[in-house]
Amino acid sequence: MMAAMEDLFAGDLVSPRNVRVRAALDLCRSAAARRESGAYLVEGIKLVNEAVQEGVPLLDLFVSPGLLRHEGGPGLLATLKEAGAPLLPVADGVMARLSESRSPQGILATAVRPAGVPSPPSRTPGRPLLVGWHIQDPGNLGALIRIVEATGAAGFLAAGGGADPYHPRAVRATAGSLFRVRPSQCQDAAALLATLRSAGLDLVAAVPRDGDPPASFPWDRPWALLIGGEGEGLPDVLLQAAGRRVAIPTEGRVESLAVPAAAAMLLYEAQRHRITPAGRPQGGRSAARPRRARPRGPRGG
């Protein structure tokens with residue numbers, strides 16, 4: 001089988017000046033190109049394999065000899081060839097130009113973004129909708145999408161600008177969750193508040209201090225959990241609109257937590273309350289509370 005796979009790279013390879021290669025470079029570098037083309041990049045053996053399994057439409061599949069040197073690479077390539085996938089063999093150097101990774105695995109696909117407008121936020125008691133306001137780092141944004149899936153939250157809404165959920169680093173950070181959790185987007189605060197209110201969601205803002213402890217928060221209501229971006233946090237208009245505030249207790253001199261860490265802790269509490277009624281863990285004992293904890297949390301939410 002390996003010899004048959006190597007034959008794919010024995011002939012003429014796709015030129016780095018090829019129109020499809022240049023289009024993929026545009027998708028790597030430009031959010032506008034991703035929006036206008038309705039496409040984005042999926043890179044790596046695990047993500048491409050998961051995209052295929054989830055039925056994500058793939059337009060082009062760039063493969064380089066390096067794919068054969070990675071575990072799972074030859075098997076994935078054989079599967080793709082047998083399925084008649086649109087394989088475009090390129091040199092390892094071209095793959096390095098296309099890749100956002102320091103160690104490319106020799107496979108990268110152009111995927112089709114979901115068509116149409118995402119469904120309105122769902123009103124699901126006990127499963128908050130996570131709203132990330134002006135999340136600037138693509139890796140953090142992707143991590144939030146993965147956390148939403150892991151904790152069974154109602155969905156994810158990226159608001160206030162910031163990073164593109166389909167940025168290559170964001171896609172990689174979702175580790176495949178992007179294929180199952182479709183993010184919504186909303187640019188300004190007024191439109192965001194109108195969207196959340198029309199969905200019948202109550203608003204709770206994640207704040208660094210002076211908020212309710214997550215362990216005793218009433219997560220059984222249909223909440224939209226607002227979490228601010230790195231550094232600036234939530235704007236006053238959203239803080240004032242939120243009916244409740246929640247703060248993660250911290251000790252020592254810690255002023256705030258990283259955005260994904262804070263989101264994971266808060267959504268885990270919502271999940272725990274949903275799985276174990278009254279917020280009590282399995283076995284019937286009360287949840288432990290941190291000693292001498294001060295109500296601080298993430299600067300950005």
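Mentor: What follows is a set of questions about a predicted model, each answered by setting a value against its criterion.

Trainee: How many helices and strands does the protein have, and what share of its residues is buried?

Mentor: The protein has eleven helices and ten strands, and buried residues account for 49% of its 301 residues. Its accessible surface is about 14,400 Å², and carbon and sulfur atoms hold 50% of that area. Of the contacts between residues at least 6 apart in sequence, 81% join residues at least 24 apart.

Trainee: How do you know that the end-to-end distance of helix α7 agrees with its number of residues?

Mentor: Helix α7 runs over residues 138–151, and at 1.5 Å a residue its 14 residues should span 20 Å; the C-alpha atoms at its ends are 20 Å apart, so the two values agree.

Trainee: What makes α7 a mostly covered helix, and what covers its buried residues?

Mentor: Ten of the 14 residues of α7 are buried, which is to say that each has under 20% relative accessible area. Among them are Leu141, Leu144, Ile145, Ile147 and Val148, and also Asn140 and Thr151. The cover over the buried residues of α7 includes the strands β5 (129–133) and β6 (155–159) together with the helices α8 (168–174) and α11 (259–275).

Trainee: Why is Ser64 called buried, and what does its side chain contact?

Mentor: Ser64 has a relative accessibility of 1%, and since the limit for buried is under 20%, it therefore counts as buried. Ser64 sits in the loop between β2 (58–63) and α5 (73–82), where its side chain makes a polar contact of 2.7 Å with the side chain of Asp92. Beyond its neighbours within four places in sequence, Ser64 is in contact with Phe9, Val90, Ala91, Asp92, Met95 and Gly106.

Trainee: Is Arg34 buried or exposed, and which side chain does it pair with?

Mentor: Arg34, in helix α3 (residues 31–37), counts as buried because its relative accessibility is 2%. The side chains of Arg34 and Asp164 are joined by a polar contact of 2.7 Å. Setting aside residues up to four places away in sequence, Arg34 also touches others, including Tyr40, Arg113, Tyr166 and His167.

Trainee: How do you know that Pro128 is buried, and what is it in contact with?

Mentor: The relative accessible area of Pro128 is 1%, and so Pro128 is buried. Pro128 belongs to the loop between β4 (107–112) and β5, and its contacts outside four places in sequence include Ala153, Gly155, Trp219, Trp223 and Leu267. Pro128 and Gly155 are 27 residues apart in sequence, yet their C-alpha atoms are 7.6 Å apart in space.

Trainee: Why is the largest nonpolar core said to lie between domain 1 and domain 2?

Mentor: This core has 51 residues, and those with the most contacts inside it are Tyr40, Leu61, Ile107, Leu130, Phe156, Leu225 and Val246. Helix α11 gives the most to this core, with six residues. Both domain 1 (12–112) and domain 2 (129–274) give residues to this core, and so it lies between them. Apart from this core lies another of 22 residues, among them Leu129, Leu201, Leu203 and Ala242.

Trainee: What makes the phi values of His134 and Ala175 worth a remark?

Mentor: Most residues other than glycine have a negative phi. His134, although not a glycine, has a positive phi of about 50°, and Ala175, also not a glycine, has a positive phi of about 55°. His134 lies in the loop between β5 and α7, whereas Ala175 is in the loop between α8 and β7 (184–186). His134 has a relative accessibility of 27%, and because that falls between the limits of 20% and 50%, His134 counts as partly exposed.

Definitions and conventions
Residues numbered from 1 in each chain as written. Predicted model: local features only at pLDDT ≥ 70, side-chain atom pairs only at ≥ 80, totals over all residues. Heavy atoms only, no water. Helix = DSSP H or I, 4+ residues; strand = E, 2+ residues; numbered from the N terminus. Expected span 1.5 Å × (residues − 1). Buried < 20%, exposed > 50% of the residue type's maximum accessible area, 1.4 Å probe, protein only. Contact = heavy atoms within 4.5 Å. Areas by Shrake-Rupley, 256 points an atom, 1.4 Å probe, with all protein chains shown as cover. Core = buried A, V, L, I, M, F, W, Y, C linked by side-chain atoms within 4.5 Å. Domains from an automatic or database assignment. Polar contact = N/O pair within 3.5 Å; in protein donor to acceptor, adjacent residues only side chain to side chain.
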